[in-house]
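Look over the sequence and the 3D structure below. Then follow the notes on charged pairs and helix packing.

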Amino acid sequence: MKFTVTMKRNHEFQRLYRRGKSAASPYLALYCRKGRRGENRLGFTVGKKVGGAVQRNRVRRRLREIYRLHEDELLPGHDIVVVARVKAVYARYGQLERSFLALADKLGLRKKAEG
């Protein structure tokens, strides 16, 4: 994650939930807000409803990898929080990836295709 800083503080997440835009799918909810920096700030939330520690960490690793692979396609300067839903545990990697990209498109986070 070359252009990304991790968000870890609770008040940053709360501010984003209150003031940011959101989109949801059966697997994920995505919150975003234009930031003041030139880089993206990224946070993940995987609650205990999703499952035990092993399942939560697996979902978190998958989401982190999806973001890493598509980081170049996203516009810089946004705060982004990805919230995993219960169905994310049972989803295949491809389903999570399509869901993430669809939500990013919906919120206008992806760069427009040139050509």
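Arg110 and Asp105 form a salt bridge, with their closest N and O atoms 3.1 Å apart. A salt bridge here is a side-chain nitrogen of Lys or Arg within 4 Å of a carboxyl oxygen of Asp or Glu. This is a predicted model: local features need pLDDT of at least 70, side-chain atom pairs count only at pLDDT 80 or more, and totals for chains, interfaces and linings use all residues. Residues are numbered from 1 along each chain as its sequence is written, and side-chain values use heavy atoms, leaving out hydrogens and water.

Arg110 also meets Glu73 in a salt bridge, at 2.7 Å from N to O. Glu73 lies in the loop between α2 and β5, and Arg110 in the segment after α3. The two are 37 residues apart, so this pair links distant parts of the chain. Helices (H or I, at least four residues) and strands (E, at least two) are DSSP runs, numbered from the N terminus.

The structure holds 5 salt bridges. Another of them joins Asp79 and Arg41, with the closest N and O atoms 3.0 Å apart. Asp79 sits in strand β5 (residues 78–84) and Arg41 in strand β4 (residues 40–46), 38 residues apart. Glu12, Arg41 and Asp79 are linked in a network of salt bridges.

How accessible are these partners? Buried means under 20% relative accessible area, exposed over 50%, and partly exposed in between (1.4 Å probe, protein chains only).

| Residue | Relative accessible area | Class |
|---|---|---|
| Arg41 | 11% | buried |
| Asp79 | 12% | buried |
| Arg110 | 22% | partly exposed |
| Glu73 | 28% | partly exposed |
| Asp105 | 46% | partly exposed |

Now to the helices. Two packed helices are described by the angle between their axes and the distance between the axes. The axes of α2 (residues 53–70) and α3 (residues 93–106) come within 10 Å and cross at roughly 55 degrees. Axes are lines fitted to C-alpha atoms, for helices over the stretch in contact, and angles run from 0 to 180 degrees between N-to-C directions. α2 and α3 are therefore oblique to each other. Angles under 35 degrees count as roughly parallel, over 145 as roughly antiparallel, 65 to 115 as roughly perpendicular, and the rest as oblique.

Which residues of α2 and α3 make the contact? On α2 they are Arg62, Glu65, Ile66, Tyr67, Leu69 and His70. On α3 they are Tyr93, Leu96, Glu97, Phe100 and Leu101. Contact means heavy atoms within 4.5 Å.
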